[in-house]
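Please look through the sequence and the model below before reading on. The report that follows takes up a cavity, a sheet with its helices, and a pair of rings.

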Amino acid sequence: MRSSGHVVAVIPARAGSKGIPGKNLHAVAGRSLVRRAVETARDAVTIDAVVVSTDGDAIAAEARASGARVVRRPAALAGDEASSESAVLHVLDELAAAGEEPEVVVFLQATSPFIDPVDLDAAVTRVQDGRADSVFAAAASHAFLWRIGDDGAARAVNHDAAVRPRRQDREPEFRETGAFTVFRTSGFRQYRHRFHGRVELVVVDGRGAIDIDDPSDLALAAALAPQLDRPDRHDRHDRDQHQHDPRAATVPLVPAPNGAP
């Protein structure tokens, strides 16, 4: 990785978790979720430094062993009610106090075990080039969505219930996976949230768009790992091919569906 520090990946990994105790240290295919996140960020050619924000000693040790810096998160920012944005702002303040202010932040969730570094590079490149202020991971969806009204009746949300077009005749919608968001630091400090300015998305492989929240998610990730953790998936030669235009590895660019003013 480069050492200029202009692009910093921030991985929030608090010790507390109700769904799966010690979740961030659980392993998928022999690697903890924290380690997988750190190693993925380090594999991205556009990311200069990786920082793990945590309140846990064991997580801090695992993060350092994986090659990340650690920012110890205060208890006030480690509870169930604390926002992810507050953790990122705390990391940025700590970096600023040390004389470092990244131009771009890659907010990366350890609970998404199958992030592709090439997708991270695609998102970072768009922000660096000024095409977008915020870029997030999304999976294409052709699902027919319904909502239950106050009267208990089901109502169509994103389609006309009387018309059932074929999948290939429908424009896809995009589901935010939560795996990562890349954004310009200045805009994040101004608006205090990830989605600011012009928002775009990077379409990721829907097979690996898993958010580990309960034991069944861990079991699913373990079953998918042999398929998604191919030894050559992040081969250095392949990454070098995409270094100048990381978007080549993604689905063609899609206009931002929810750009902010």
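## The largest cavity

Which element gives the most residues to the lining of the largest cavity? Strand β10 does, with 3 residues in that lining. The model in which this cavity is found is a predicted one, and the structure holds 2 cavities of 30 Å³ or more.

About 130 Å³ of space lies in the largest cavity, which is lined by 14 residues, with F114, I115, A179, V204 and G208 being the closest to its centre.

## The open sheet

Strand β10 also belongs to an open sheet of 7 strands, whose order is β5-β4-β1-β6-β10-β7-β11 and whose pairing is mixed. At the edges stand β5 (69-72) and β11 (199-203), and each has a single partner strand, so one side of each is left without a neighbour in the sheet. If direction is ignored, neighbouring strands of this sheet are turned by 30° against each other on average.

Strand β1 (residues 7-12) and strand β6 (residues 104-108) are paired in the parallel sense over 4 bridges, and V8 has V105 in β6 as its bridge partner.

## Helices across the sheet

Helix α1 (residues 33-43) lies across β1, β4 (49-54) and β6, and the helix runs at about 160° to β4. Helix α3 (residues 84-97) lies across β1, β4, β5, β6 and β10 (173-184), and its direction is at about 110° to β5.

## A pair of aromatic rings

A pair of aromatic rings is described by the distance of the centres and the angle of the planes. The structure holds 2 aromatic pairs, and one of them is formed by F136 and F195, whose ring centres are 5.5 Å apart and whose planes stand at 90°, so the pair is edge-to-face.

Key:
Residues numbered from 1 in each chain as written. Predicted model: local features only at pLDDT ≥ 70, side-chain atom pairs only at ≥ 80, totals over all residues. Heavy atoms only, no water. Pairing = 2+ DSSP bridges. Helix = DSSP H or I, 4+ residues; strand = E, 2+ residues; numbered from the N terminus. Axes fitted to C-alpha atoms, helices over the stretch in contact; angles between N-to-C directions. Contact = heavy atoms within 4.5 Å. 1 Å grid on protein atoms, 1.4 Å probe; cavity = no way out; pocket = protein on both sides within 12 Å on 5 of 7 lines; lining within 4 Å. Points joined across faces, edges and corners; volume = space filled by probe spheres on them. Phe/Tyr/Trp six-rings, centres within 6.5 Å; stacked < 30°, edge-to-face > 60°.
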